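Dear colleague,

I am passing on the structure below, and my notes on it follow. Please read them alongside the coordinates.

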Amino acid sequence: MATGVPPKGGKSSRKLQVSVEYDGKTSASEVLQKPFEGFSSVQRVHGGGGNKLFFGDNLDALLFMLNNGYKGKIAFIYIDPPFSTASDFVNRSQTLAYSDALRGGEYVEFLRQRLIVMRELLSDTGSIYLHLDGNMVFTMKLVMDEIFGEQNYHSFITRKKCSTKNYTKNTFGNISDYILFYSKGASCVWHRPFDAWEPEKMAEQYPCVDEKTGRRYKKVPVHAPGTRNGETGRAWRGKLPPKGKHWQYTPEKLDEMDAAGEIYWSPTGNPRRMVFCDPDKGIPKQDIWLEYRDSVNQAQKTTGYPTEKNYEMLKMIVKASSNPGDIVLDCFAGSGTTLGAAFELDRRWIGVDNSVESMKAIFKRFVTGLETYGDYVNDHSVRQMSLDLLPRCPFDVLATPHNTAVLESASLPLESSDIPA
């Protein structure tokens with residue numbers, strides 16, 4: 001029966017491109033040429049500096065940056081946009097923080113236009129992490145492939161966001177969300193993160209102990225699938241690789257490994273490589289994250305802002321995909337978790353949001369101090385970590401003319417002399 005699938009071992013003559021189509025989809029060139037509102041300085045906090053906080057529509061802010069010297073200058077972007085849940089989100093005092101009302105193609109186009117500009121802002125070795133849940137992540141994966149190129153896709157990360165849910169409806173408990181990791185080009189900044197070894201895990205993965213050194217190791221084959229006609233397909237120490245396989249290394253290299261005590265010989269004379277555990281290096285982090293849950297108790301958050309993400313997770317991501325001195329951008333800044341992580345790791349940051357509650361949360365993080373708002377933080381280590389950042393983080397606040405007036409009435413610690421007339 002004909003299936004339309006190329007025969008085994010054959011290749012299709014061309015690759016069919018996949019895209020997301022909907023009414024109102026704008027070309028990338030039109031997006032980049034859109035008019036935008038200008039931003040001006042409202043206040044210099046702690047003397048200003050390289051960090052900038054924009055208050056206004058993030059598309060305006062992104063286009064403003066693109067046309068004012070930031071094209072190709074951003075090393076790292078993390079965004080946690082609305083998830084298309086058709087819900088409103090309030091902070092601890094039940095004040096509206098933001099509305100997540102966009103659905104379908106309207107949502108896709110809203111986010112897509114901003115991603116197009118973000119790509120232009122990224123440096124050639126820059127990376128972007130897009131954090132979503134199951135509502136739109138699979139659609140946006142196709143959009144990210146379209147904008148950044150599927151060849152620049154790195155990871156689809158699953159994160160356990162909360163503890164077990166006892167659902168009453170007929171479905172599985174929703175305890176995960178997802179992060180898409182892309183780079184702008186073929187190469188990107190990458191510092192592989194590691195998890196610390198636990199004794200039980202180390203014993204499980206490295207079950208053998210070297211009698212001479214006491215080091216733990218595991219035994220792995222020294223052959224691999226596929227036949228070869230060269231050196232790796234010939235006999236070594238009088239033994240041929242198993243049928244249909246070849247040696248992973250040349251006989252010369254295998255001799256070197258054996259001389260160095262890295263080859264285990266079974267009682268029947270079969271060689272295996274001894275791979276030793278390096279306890280100082282740790283376990284390379286994989287694409288399922290169980291340890292970065294968000295708090296369900298707002299008393300443990302640093303600001304009380306809704307949907308605030310795990311601080312340690314942001315520190316790990318920022319450290320993995322940027323260098324000290326780089327510029328980190330979060331244009332859905334929310335409570336400023338990304339900005340705090342960037343600052344603690346000696347990166348410069350740019351934050352953008354159009355919510356007054358977001359501005360209050362970021363000022364709470366960097367300016368007024370968490371104790372000003374009393375009961376948001378009970379955990380001493382989190383509280384102290386945040387308070388330690390407060391006196392040392394300079395930044396400039398920028399706003400459009402309309403939003404400057406909004407800031408004046410937002411009960412933020414702004415000096416009236418710093419606000420343009």
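**Notes on the predicted model**

At 30% relative accessibility, Ala 203 counts as partly exposed, a class that lies between buried (under 20% relative accessible area) and exposed (over 50%), with a 1.4 Å probe and protein chains only. This is a predicted model, in which local features need pLDDT of at least 70 and side-chain atom pairs count only at pLDDT 80 or more, whereas totals for chains, interfaces and linings use all residues. Residues are numbered from 1 along each chain as its sequence is written, and side-chain values use heavy atoms, with hydrogens and water left out.

Ala 203 belongs to helix α5 (residues 199-205), where helices (H or I, at least four residues) and strands (E, at least two) are DSSP runs numbered from the N terminus.

For the protein as a whole, the secondary structure comes to 11 helices and 20 strands, and 47% of the 421 residues count as buried. Of the contacts (heavy atoms within 4.5 Å) with a separation of 6 or more, 71% are between residues 24 or more positions apart.

Helix α7 (residues 311-321) has nine of its 11 residues buried, so it is largely enclosed by the rest of the structure; among the buried ones are Tyr 311, Leu 314, Lys 315 and Val 318. Its N-terminal end is capped by Asn 310, a side-chain oxygen of which lies 2.9 Å from the backbone nitrogen of Glu 312.

Helix α7 packs against helix α8 (residues 337-344) at an angle of about 55 degrees, with the axes 9 Å apart. The contact is made by Tyr 311, Leu 314, Lys 315 and Val 318 of α7 and by Thr 337, Thr 338, Gly 340, Ala 341, Ala 342 and Glu 344 of α8.

Asp 80 sits in the loop between β3 (74-79) and β4 (87-90) and, at 15% relative accessibility, counts as buried. Its side chain is joined to that of Lys 309 by a polar contact of 2.9 Å, the term being used for a pair of N or O atoms within 3.5 Å, of which, within protein, one must be able to donate a hydrogen and the other to accept it, while residues adjacent in sequence count only if both atoms are side-chain atoms. Leaving aside neighbours within four places in sequence, Asp 80 is in contact with His 131, Thr 307, Lys 309 and Phe 332.

With best wishes

Methods. Axes fitted to C-alpha atoms, helices over the stretch in contact; angles between N-to-C directions.
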